[in-house]
Amino acid sequence: MSAEYEYDLFVIGAGSGGVRAARMAASTGARVGIAEDRYLGGTCVNVGCVPKKLYAYASHFQDNFSDAEGFGWQMAGPATFNWATLRDNKTSEISRLNGIYQRMLEGAGVTLFNARARLLDPHTVSLVSQGSETQVTAKQILLATGGWPWVPDFPGCEHAINSNQVFDLQNFPNRFLVLGGGYIAVEFASIFNGLGSETHLIYRGELFLKGFDQEVREFTCEEMAKKGVNLHFNTNIERIEPNGTALNVHLTTGEVLEVDAVLAATGRRANTEGLGLEAVGITLDASGKIPINERYETQVRSVLALGDLTNGPELTPVALAEAMQLVDTHFNKTEPKPLDYATIPTAVFCHPNIGTVGLSEEAAREKHTKICVYRTDFRSMKHTLSGNTERVLMKLIVDDETDVVVGAHMVGEDAGELIQGIAIAVRAGLTKRDFDCTVGIHPTGAEEFVTMREPSRY
Ligand code: FAD
């Protein structure tokens, strides 16, 4: 501990990574302060994972209601959906979580400032709250300010909303349009389609979810189209014009769509505005992120950074894991093993869900001399009675030389829940033989992961 400074660690941004780092550092006896100018819990809790998953749950009920009929259940009348109930219940839940975050920080002995923070020098932070400024000094400063939605400039782009705004729409959009091809765009297209909007997804590329396994992308595309999402690839928005309370969206194909809301899910940028990076001499890399070394140190050694602000997968568990490593490195003085970024599992909560870990088939072909692909697609047992035409895809990618499973992919109900377990096996470097020697759980869809005997292709 240093008497020279008021804090041993001062964290800017109380999101996923910042809160975890602050609490863990405080638990080692360090004097820790944290500044947050918007909402405790950051993107994930307030405008990311949590509200999105709640809305994803809501959107699955439509399928559940119609699936139930084949099992003998009759609804008294057609199911109706009330947007205000969902939105306001979501807001109450988030307030509850905000309170938990506050209590966790206080309980850990972290001093919380509701203030906008800016670097003044390598050890000093300016805090502005309700027009008045204070300054604090710290031996180390952690930048954990996350990302911010980015919307491209085109005529009428001011009529589009971003992912921060979509959760709190005043009125439910009966006609909804999403611009973008990343996982957030795909998820919101599924969510609003499931909630009952006539939904369009516009993406300038050939197929959404770039970087995911090609077969997973194609399969998801077919399933989403079957569920009624209107997919427009190789298309962009030319302009948006207001039309009373609606919006006319002119597409590059010449088509004009009349909708009630346009969500631009067109990417996120590191949230560095007004952070004072120039005051201390920190420059951004080519992708607009803050460069760090393996000890999470920026170009200025006393200033650390993690999470969405830095390069790497923009995921909450990644920010949390980085926070743990950072604290181990700087406060527990251990040398943690570097994070294994190659086997980070991830899910896309579209309909049906995607769960994935490790290499795509395409990446595996580039990396390994020869691979075996085991794949199956089928209608789940549940849908033999429901009449639902949804199908499931499961895929294992195996390095032929070592028999190690280097990638596992699934599109289907609860794929994220299932792939989390498979990710342990992939992370551990288990072989296809290990999968084959594992007895299945019957009757489940998951047992297919241990019963795919013959490769589908090499
Ligand atoms: P954040 O959580 O963004 O926290 C940064 C905090 O810093 C914010 O609270 C901000 O207000 C504050 N801040 C910024 N500047 C200042 C300043 N100058 N002074 C004071 N405070 C400041 N990840 C998943 O793992 N699973 C998902 O399903 C998932 N879904 C997502 C859905 C959406 C719509 C979005 C947008 C993101 C989603 N993510 C998901 C990503 C996840 O939310 C982020 O990876 C994670 O929140 C990053 O954490 P962080 O600590 O880097 O930053």
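User: How much area is buried between domain 2 and domain 3, and what share of it do carbon and sulfur atoms give?

Analyst: First, a heads-up: this is a predicted model, where local features need pLDDT of at least 70 and side-chain atom pairs count only at pLDDT 80 or more, while totals for chains, interfaces and linings use all residues. Residues are numbered from 1 along each chain as its sequence is written, and side-chain values use heavy atoms, with hydrogens and water left out. Domain 2 covers 157-266 and domain 3 covers 352-450, bounds that come from an automatic or database domain assignment. Counting buried area as the accessible area (1.4 Å probe) that two parts lose on being put together, summed over both, the answer is about 1,200 Å², with carbon and sulfur atoms giving 61%.

User: Which residues of domain 2 lose the most area to domain 3?

Analyst: Eleven residues of domain 2 are in contact (heavy atoms within 4.5 Å) with 18 residues of domain 3. Three of domain 2's residues together make up 44% of what that side buries. They are Asp 213, Glu 215 and Phe 219.

User: How many salt bridges are there between domain 2 and domain 3?

Analyst: Side chains of opposite charge can pair when their charged atoms come close. Here a salt bridge means a side-chain nitrogen of Lys or Arg within 4 Å of a carboxyl oxygen of Asp or Glu. The whole structure has 31 of them, and the count between domain 2 and domain 3 is four.

User: How far apart are the end C-alpha atoms of helix α1?

Analyst: Helices are DSSP runs (H or I, at least four residues), as strands are (E, at least two), numbered from the N terminus. The expected span is 1.5 Å times one less than the number of residues, so the twelve residues of α1 (residues 16-27) should span 16 Å. That agrees with the model, where the end C-alpha atoms are 17 Å apart.
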